Amino acid sequence: MRQSDLFTKTTKTISAEEKSVNASLLIRAGFVDKLAAGIYTFLPLGLRVLNKIENIIREEINEAGGQEILMPALHPKENWQKTGRWESFDALFKLKGGDKKEYALGATHEEILVPLAKKHISSYKDLPRYIYQIQTKFRDEVRAKSGLLRGRQFLMKDLYSFHADEKDLNSYYEKIKDAYWKIFERAGIKDKTYLTLASGGTFSKYSHEFQTVTSAGEDTIYICEKCRLAVNKEILKDENPVYPVRNRISNGVCPECQNEKFKVEKAIEVGNIFKLGAKYSAPFGLKFIDNAGKERAVIMGCYGIGLDRLMGTVVETNNDENGIIWPKSIAPYQAHLLLLAPQEREIREKADLIYNTLLKSDIEVLYDDRNLSAGIKLKDSDLIGIPLRLVISGKTRENIEVKERKRKEAKLLGLGEVIEMITNG
RNA sequence: CGGGGUGUAGUAUACCGGUAGUACGUGUCCUUUGGGAGGAUAAAGACUGGGUUCAAUUCCCAGCACCCCGACCA
């Protein structure tokens, strides 16, 4: 992509009201545009990042047996009345059609998927099933905040599993834990992410959250440094005796390994996995006939990852005073080619040739061919944060100056070496 | 939803009960080109509604928006 053709521009100036680091950097660099609090447009650069995150998630969930569908965002009121959540789900957006019929904007999709599953699951032979989608969710957050971390509209991967018994649910639950670790590893935040015990609702003692440590986080977690398990503060203060963790943590002992050293950190929930049991299958009468001919309730699990929140979290945890530092796996482009002497025909022709050669080698490259001063281009490149910077100028002669965004030093390499370096990761 | 803060151009700000100014940024042209260059020139602004007043961007009230803290987060 030639930057002279790019729809968006970067900006030095942004309102001082934009306190959130991820929003500030992403807006300045032209990845997103804020329409209103918690409502964002994904611009060309931002959409590329979002799509890469989406593909990573899709690959890992498919690998775990997930079958992708796409459910509607517009939900009839009746579905939500069946589970009682038309009244009890505070953040549900409700609206009326011209026919006075009432609808909800999808905040989560148990109310849609469970009745759908009823049409296709009736025997133990139809179980287990793993169904997911990647779709926009709407929640009427009273306080949208922290840029992409808490929006009123956000993109979510929501997976729902259907099982004949609890044992099968438990084993799939562990499988998804592994899939989630792979996703967060590929997205570059595994080292800062902790499996965290959180409140489990009615069916199980705990749910598990994947919490990434960042000062922009909303939750406080107690991390056992020995076994890397964490506990969300929310269940420490819960008076319900169903949580034995409460006592053990307040005694200063990790519930998993009995270690006594905890680190207290702010963190953001990037993933959450739940055992639902029959909580949602019951109201819709989702049952199956087992191999003894007996009717039993289908039991379920649900598993979510917020894609845009994940993107915001990566920015929060990967930046410096000059801008974003994208991990290679989700960077909008693999390389940022900078032409620093755009007025000199020979150098421009050389840069054009390098650009075309990179494209032919299937390398995703953003080419800053604009007629702007070197300082602007270098600053923009740091702000946008593509992991590899390639500079062509009067100084570089027959070579290319190569610099990783996360490092200070640069080196001169030939085009062939550069292509090999990028292609081989 | 409770509490706090802020609303003047894209951004940062100035002045003011009587024609709203500056800087940066932006557009165009020329000259420049290794860490946000120089000149010329142009466009662009008082959140909304009500009240007081001869006159309101300015004072008063209400609403709205945004930001922050807390609560909530299925």
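Begin by selecting helix α12, residues 374-384, which supplies eight residues, the largest share of the surface near RNA strand B. As you look, please keep in mind that this is a predicted model.

Now widen the selection to the 44 residues around RNA strand B, among which Ala 37, Val 142, Ala 374, Gly 375 and Ser 393 come nearest.

Next, select strand β1, residues 32-36, together with strand β2, residues 39-42, and you will see two strands that run antiparallel and are joined by four bridges. Within this pair, Asp 33 stands opposite Thr 41 of β2. Then move to the turn of the hairpin, where two residues lie between the strands and where Gly 38 takes a positive phi near 75 degrees.

For the last stop, select helix α2, residues 44-63, and helix α6, residues 166-186, which pack with their axes 9 Å apart and at an angle of about 155 degrees. Because of that angle, α2 is roughly antiparallel to α6, and the crossing in which α2 passes α6 is right-handed.

Which residues make the contact between these two helices? On the α2 side, select Ile 56, Ile 57, Glu 60, Ile 61 and Glu 63, and on the α6 side, select Ala 179, Lys 182, Ile 183 and Arg 186. Coloured by class, the residues of this contact divide into five nonpolar and four charged, with no polar ones.

Note on methods. Residues numbered from 1 in each chain as written. Chains lettered and ligands numbered in written order. Predicted model: local features only at pLDDT ≥ 70, side-chain atom pairs only at ≥ 80, totals over all residues. Axes fitted to C-alpha atoms, helices over the stretch in contact; angles between N-to-C directions. Parallel < 35°, antiparallel > 145°, perpendicular 65-115°, else oblique. Left-handed = near helix turned anticlockwise from the far one by under 90°. Contact = placed C-beta atoms within 7 Å. Nonpolar A, V, L, I, M, F, W, Y, C, P; charged D, E, K, R; others polar. Pairing = 2+ DSSP bridges. Near = placed C-beta within 6 Å.
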